[in-house]
Every structure is written in C-alpha cells, then in structure tokens.
Amino acid sequence: MTSAALPHQPLTPQEATRPPENRRHMIRRRALTLLTIVLLIGVPAGYLVISANQSRDSGKRKEEKWSATGLTAGWPSLVQRRLYQVPVPPYSRDVAYYETNNWKTSRLYTQFLTSNEGLERFLNETGTGLTALKRDDIAIGTRDQQVIGWNFQGPGPWYGLVDKRKNPAPTHDIVVNRSNPAHPMVYVVSRTVP
C-alpha cells in the first residue's frame, strides 16, 4: 500500500515574486521577535522582583519600628498626635515618642523642649492651662517612668498635672521641668482605652 501524496497549494502571485529572505532581514526579524519576548516576559518579571524587594524592605522597617523599646527621636505621626491629642507645639526641639498598645490601654509617651509660649499653647490645646500645673507634682507614675527610663530627680523645679477625661478622650499625665526658665522640657503620657 502506498500513501497518496498530498496536493500542494500553488503560491500566490506575491509569494512567487518575493525574493528569498536575505541574512540581514532574517537577523532583524529574529531581533524583533526576541525584543517582543523580553518586553512581554522580562518587564513584568522585573517589576515583580522590584515590588517584592520594596515590600520586604517596608516590612523590615515596620518590624524595627514596632520592636523598638524606649523613645524614638522625631515627631509622632499626625495620626498619633490627633488620636492621643498631644499637640506638640511648632518649633519644639528634642522631640521623641514611644507608643504602646495592648487590649486594655494604649499609651503615647512624648517629650519635647519648647518655649514658654509653646508650653502655654500646648496646655491650652489639651484643655488645661498654666494655672493647672502644681509645683513638685510628678504626675507621671513610676510604672510609666520605668517603661521609658524617665527620671524626674534632676534639677527643677518640676511641675505636673493629670488631665482626666471621660472615655474615649485620652487622659494626659504631664510633667514639666522648668530648670531652664525660657525653655521648659515637657513630658507627656497620653492614655486612651480602645
């Protein structure tokens, strides 16, 4: 038994007159094919690698931030300042903060060096005033002092107040060191119950 030969389709007039592909044209065609493959596969793959690295780096930064113990130099975020109602005055220096959270209470520990006007503004914005400060009243408890490592034994005078509020508004424990009369150092523990 012999197999029957398949019929061949005749060439179209354009194919019949087209000269055979030269080497230069073949190289250009293959280069375009390679470029197309690289663009369709390589670019998305590169994007995924870059994205994964950025995500991993972001996670490391967040882990470092949340595993930190003690004060972090810098300003608390705007969200933290609003949530805990700690309006750090503009132009304050030596600003540092630390936040703790658990299922019962969230706390924001903040310290800053400010001017007399800044202190007055801070106290007014928290709903108290300079007259509420009591001399030699260390309003921040021993437990909170130990969490941060604050020591209120140095030169003073020291002033303090506790601004208790109804939940959900935060309660403020404030201590002010007036050893430099022009630039008081302010220590705040703001507590809120979630």
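1. A definition before we start: two rings of Phe, Tyr or Trp (its six-membered ring) count as a pair if their centres lie within 6.5 Å, with planes under 30 degrees apart called stacked, over 60 edge-to-face and the rest tilted. On that basis, a search of the whole structure gives 8 aromatic pairs. Please keep in mind throughout that this is a predicted model.

2. Let me begin with Tyr109 and Trp150. Their rings make an edge-to-face pair, 6.1 Å centre to centre and with 65° between the planes. This pair links distant parts of the chain: Tyr109 belongs to strand S3 (residues 106-113), while Trp150 sits in the loop between helix H5 (142-148) and strand S5 (158-163), 41 residues apart. Are these two residues buried or exposed? Tyr109 is buried, and Trp150 is buried as well.

3. Trp150 has another partner in Phe152. The ring centres of Trp150 and Phe152 are 6.0 Å apart with planes at 40°, so this pair is tilted. Trp150 and Phe152 are both buried. Stepping back, one aromatic cluster takes in Tyr98, Tyr109, Trp150, Phe152, Trp158 and Tyr187.

4. The backbone has some spots worth a look. The peptide bond from Gly156 to Pro157 is cis, with omega near 15°, and Pro157 is placed in the loop between H5 and S5.

5. Two residues other than glycine have a positive phi. Tyr91, with phi of about 65°, is found in the loop between helix H3 (78-83) and strand S2 (93-101). Its relative accessibility is 80%, so Tyr91 counts as exposed. Asp136 has phi near 60° and lies in the loop between strand S4 (134-135) and H5. Asp136 is also classed as exposed, because its relative accessibility is 57%.

6. Now for the overall architecture. The chain has 5 helices and 7 strands, and from the N terminus the order reads α-α-β-α-β-β-α-β-α-β-β-β. Of the 194 residues, 30% are buried. Among contacts with a separation of 6 or more, 52% are between residues 24 or more positions apart.

7. Which residues have the most contacts inside the largest nonpolar core? They are Val86, Phe112, Phe122, Leu123, Ile174, Val186 and Val188, in a core of 16 residues. At least two core residues come from each of S2, S3, helix H4 (116-126), strand S6 (171-177) and strand S7 (185-192). H4 gives the largest share, 3 residues. A second, separate core has 13 residues, including Ala139, Ile140, Trp158 and Val189. As a general point, nonpolar side chains tend to be buried together in soluble globular proteins.

8. Leaving aside residues up to four places away in sequence, Val186 touches Thr110, Gln111, Phe112, Thr114, Leu119, Phe122, Ile174, Val175 and Val176.

9. Finally, the surface. The accessible surface of the chain is about 13,700 Å², and carbon and sulfur atoms account for 57% of that. Leu32 is part of helix H2 (residues 23-67).

Methods: Residues numbered from 1 in each chain as written. Predicted model: local features only at pLDDT ≥ 70, side-chain atom pairs only at ≥ 80, totals over all residues. Heavy atoms only, no water. Helix = DSSP H or I, 4+ residues; strand = E, 2+ residues; numbered from the N terminus. Buried < 20%, exposed > 50% of the residue type's maximum accessible area, 1.4 Å probe, protein only. Contact = heavy atoms within 4.5 Å. Areas by Shrake-Rupley, 256 points an atom, 1.4 Å probe, with all protein chains shown as cover. Core = buried A, V, L, I, M, F, W, Y, C linked by side-chain atoms within 4.5 Å.
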